[in-house]
Structure formats: C-alpha cells, structure tokens
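I opened my notebook to look up a few places in one model. Come along and keep the viewer open beside you.

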Amino acid sequence: MAKISIIGAGSWGTALGLLLCNNGHDVTICSENEKEIESLKEHREHLTKLPGVKLPDEMKFTCDVRGSLSGQDILVMAKASPYVRTTCKKYAADIPDGQLIVNVAKGVEADTLMTMSQIIEEEVPGANVVVLSGPSHAEEVGRGLPTTIVVGAHDRESALYVQNVFMSPVFRVYTSPDITGIELGGALKNVIALAAGTADGLGYGDNTKAALITRGIAEIARLGTAMGAHAETFYGLSGIGDLIVTCASVHSRNRKAGYLIGQGRTMQQAMDEVQMIVEGVYSAKAGLTLSKKFGIETPIIQAVNQVLFENKNPKQAVDELMQRMKKDELAPDLWER
Ligand SMILES: NC(=O)C1=CN([C@@H]2O[C@H](COP(=O)(O)OP(=O)(O)OC[C@H]3O[C@@H](n4cnc5c(N)ncnc54)[C@H](O)[C@@H]3O)[C@@H](O)[C@H]2O)C=CC1
Ligand SMILES: O=C(CO)COP(=O)(O)O
C-alpha cells in the first residue's frame with residue numbers, strides 16, 4: 001500500500017483518488033478551495049465535476065495542503081495547468097527532497113514554452129517527476145470503464161513503480177521513457193480538439209473531424225519530433241489516442257468550447273459557458289510559438305490561434321485550411337527513391 005496525496009480536487013484528481021483507493025492505497029485529496037473540500041467531505045461525491053460517482057469512506061479530504069505534502073510515497077499534481085507553477089512555488093519548501101511527483105496536468109506554458117513536468121522540476125528541484133497521460137476522461141474513469149494510459153519517467157524503476165500503483169483491472173498503464181512526447185501530445189491535442197469542436201459547431205461532418213484528427217497528429221508529430229520526442233509516441237496513447245478521445249468525446253471541455261465558438265460565441269463566452277478550464281486556449285499560443293521557434297508548419301494550430309485571438313471567422317479559417325497550397329501527404333523526395 002502506498003501513501004498518496006493528490007493536489008487538486010477537480011474532476012481528474014477525484015477520479016484518480018477513487019481509482020487509487022480502490023487499488024487499496026491510502027489516499028488524501030487536498031485543495032485550498034474550502035468550499036470544494038467541505039462539499040466532498042459532506043456528500044462523498046464531487047457534485048459539480050463528477051456527479052453520480054460515490055467516493056469511499058476511506059478517502060480523506062483536506063484544505064491543509066502544506067500538511068499533506070510530507071510522509072507520502074507519491075504526490076499527484078492534479079491542478080489545472082495554468083496553476084501548476086504557482087502551486088509548486090507556494091509549496092516547494094514543504095516537499096521533501098527526492099519526492100516522487102506524478103504530474104497529470106496537460107499543458108505548455110505560453111511564456112516559457114515549458115511542459116508541466118519541466119515547470120515542476122524547475123520549482124521543486126529535488127523532486128523525481130514522472131508524467132501520467134493518455135485518453136482518460138475523468139467521467140469514465142470514475143465509472144470504472146476500461147481505460148489505458150502511459151506513464152513516462154526518466155528511469156524505468158520509477159515508471160514501473162507508478163505503473164504498479166495505478167494499474168487495475170479497468171485501468172491499464174503502459175510505461176515509456178519519452179516524457180517530452182507524452183507531454184506534448186497531451187497538451188497539443190487540446191488545441192486540435194478546439195478545432196474539431198469548432199467544425200462540429202459549424203455543422204461539418206465526420207469527414208471533417210477525421211481530417212482534423214489525421215492532419216492534427218501530423219502537425220503534433222512533426223513539431224514533437226523536431227523537439228526531440230519519439231515519433232512512435234504520437235501514434236500511441238498520448239498521441240493519436242488522446243487526440244481521438246478529446247476530439248470525439250461528449251466529456252471534452254476543449255471540444256465543447258470549440259463547438260460553442262463554431263456556433264458563434266467568442267472565446268471568452270465559450271470559456272465562461274464551459275465553466276471549467278479550457279487548456280487548449282493556453283496551449284494554442286505555446287504551440288504556435290514552438291512551431292515558429294522550430295520552423296515547423298502547423299496550419300491547424302495557426303488557424304486555431306487566429307480564431308481565438310484575432311477574431312477570424314471560423315468558417316473562413318476552415319475554407320483557408322482547405323485551400324492551402326497543394327501538398328504531398330508523404331515526404332516529396334519519396335517520388336525519387
Ligand atoms: N478532467 C479530465 O478528464 C482529465 C483531466 N486531465 C488534466 O488534469 C488537470 C486537472 O484537470 P481537472 O481536474 O479536470 O481540472 P479542474 O478544472 O476540475 O480543476 C483542478 C484543480 O485546479 C484547481 N483550480 C482551478 N482554478 C484554480 C485557480 N484559479 N487557482 C488555483 N487552483 C485552481 C481546482 O480547484 C481543482 O482543485 C488538467 O491539466 C487536465 O488537463 C487529464 C486527464 C483527464
Ligand atoms: O485530457 C482529457 C482526456 O484525456 C480531458 O480533456 P478536456 O480537458 O478537453 O476535457
């Protein structure tokens with residue numbers, strides 16, 4: 001049995017807490033948000049973010065984040081990505097040296113272009129940070145529906161340990177050394193999901209969705225490999241896997257926000273209506289800056305930025321994507337080989 005503190009009492013922190021409790025671990029969920037914690041204690045259910053999912057009596061909830069950080073085998077970082085740095089800064093001094101931290105937040109910081117694990121490593125230099133990511137909506141993990149995911153770590157021993165702790169008959173965990181690829185896949189799929197949702201909102205069809213998913217993973221893989229990630233990762237769980245689920249699922253907040261934008265809402269109106277974090281909005285900027293930095297063409301990511309931040313009409317953005325210069329699907333020099 002492992003002692004585990006989960007930082008962040010949102011839908012994902014709560015669903016992972018339930019999974020880990022069911023696996024027989026000693027789980028505490030902590031958050032500074034008193035209302036959220038009091039409601040979890042009283043109802044043993046996250047009424048707003050994970051309704052209908054009952055939480056076991058053994059699961060502990062606390063507002064004392066600082067007090068929950070020492071004496072743990074694992075800390076799980078389950079804050080929404082824009083708050084990961086501030087959270088780490090606030091509590092770095094309370095986290096023991098060598099602490100294993102499992103990051104589950106998905107995003108790239110727009111100003112620094114750092115992934116979440118890089119931010120945690122910068123703010124908590126003594127920590128051993130691993131990442132857990134893949135196609136895994138909290139609403140389905142909370143209901144115990146079969147789910148697969150991948151843990152990325154610097155060393156195999158940490159990956160195997162986390163695999164053992166999280167693995168269950170309904171939660172299959174793979175291991176990988178490609179932290180960069182896993183994190184880029186997890187962050188950038190949110191940008192493409194905004195585009196897929198927008199296409200749905202415009203009334204476009206399954207062909208359009210398939211086009212965005214397929215050309216979207218091509219963009220993510222091109223950029224990711226230029227940044228040193230392994231191409232295979234983008235054809236795996238944290239690549240095409242998470243992209244498919246986020247572009248297609250009724251649970252996705254990014255897809256929902258895109259849908260509303262396709263229906264005519266502004267970015268802000270869409271974010272307000274979704275009422276939960278829409279991380280693709282943040283990662284869109286980072287994705288575009290990274291593309292420029294590495295000299296990689298990412299037309300869908302660019303179009304999403306234009307719609308979000310330059311008020312480009314979504315229909316016009318799709319028209320322009322369709323009428324780009326004619327291209328080969330594979331590398332043009334293959335004709336000569
Ligand atoms: N919800 C899901 O199905 C999945 C989510 N994730 C990732 O896990 C991370 C957390 O996701 P969720 O639990 O869904 O997010 P959430 O929106 O439910 O919030 C998570 C935590 O962030 C905190 N938070 C929200 N606003 C804050 C603020 N202004 N200042 C400080 N803390 C704040 C909340 O109080 C909560 O404790 C995200 O990066 C997400 O991409 C990963 C896989 C699945
Ligand atoms: O990452 C997720 C599923 O794997 C959740 O996606 P959303 O943030 O779009 O809901």
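Before going on, I noted the ground rules. This is a predicted model, where local features need pLDDT of at least 70 and side-chain atom pairs count only at pLDDT 80 or more, while totals for chains, interfaces and linings use all residues. Residues are numbered from 1 along each chain as its sequence is written, and chains are lettered from A and ligands numbered from 1 in the order in which they are written.

**Entry 1**

I looked up D242 and found its place in helix α10 (residues 237–248). Helices (H or I, at least four residues) and strands (E, at least two) are DSSP runs, numbered from the N terminus. Is D242 buried or exposed? D242 is buried, because 26 other C-beta atoms lie within 10 Å. For the cut-offs, I wrote that a residue is buried if 20 or more other C-beta atoms lie within 10 Å of its own, exposed if 12 or fewer, and partly exposed in between, with C-beta atoms placed from the backbone.

Leaving aside neighbours within four places in sequence, D242 is in contact with S133, G134, P135, G185, G186, K189 and L237. Contact here asks that the C-beta atoms of two residues, placed from the backbone, lie within 7 Å.

N254 sits in helix α11 (residues 253–262). N254 is buried too, since it has 28 other C-beta atoms within 10 Å. Its contacts, not counting residues up to four places away in sequence, include N190, T246 and E279.

**Entry 2**

I looked up K106 in the loop between β5 (100–103) and α4 (116–123). K106 counts as buried because it has 28 C-beta neighbours inside 10 Å. Beyond its neighbours within four places in sequence, K106 is in contact with S81, S133, G186, A187, N190 and E279.

I277 is in the loop between α12 (267–274) and α13 (280–294). With 21 C-beta neighbours inside 10 Å, I277 counts as buried. I277 touches A80 and R253, not counting residues up to four places away in sequence.

**Entry 1: strands**

How many bridges pair β1 with strand β2? Strand β1 (residues 3–7) and β2 (residues 26–30) pair in the parallel sense over five bridges. Two strands pair if DSSP finds at least two bridges between them. I4 has V27 in β2 as its bridge partner. On its other pairing, β1 runs parallel to strand β4 (residues 74–77), joined by four bridges. Four of the five residues of β1 are buried.

**Entry 2: a positive phi**

Phi of R44 is near 45 degrees, a positive value in a residue other than glycine. I noted that most residues other than glycine have a negative phi. R44 is in the loop between α2 (34–43) and β3 (60–62), and it counts as partly exposed, with 14 C-beta neighbours inside 10 Å.
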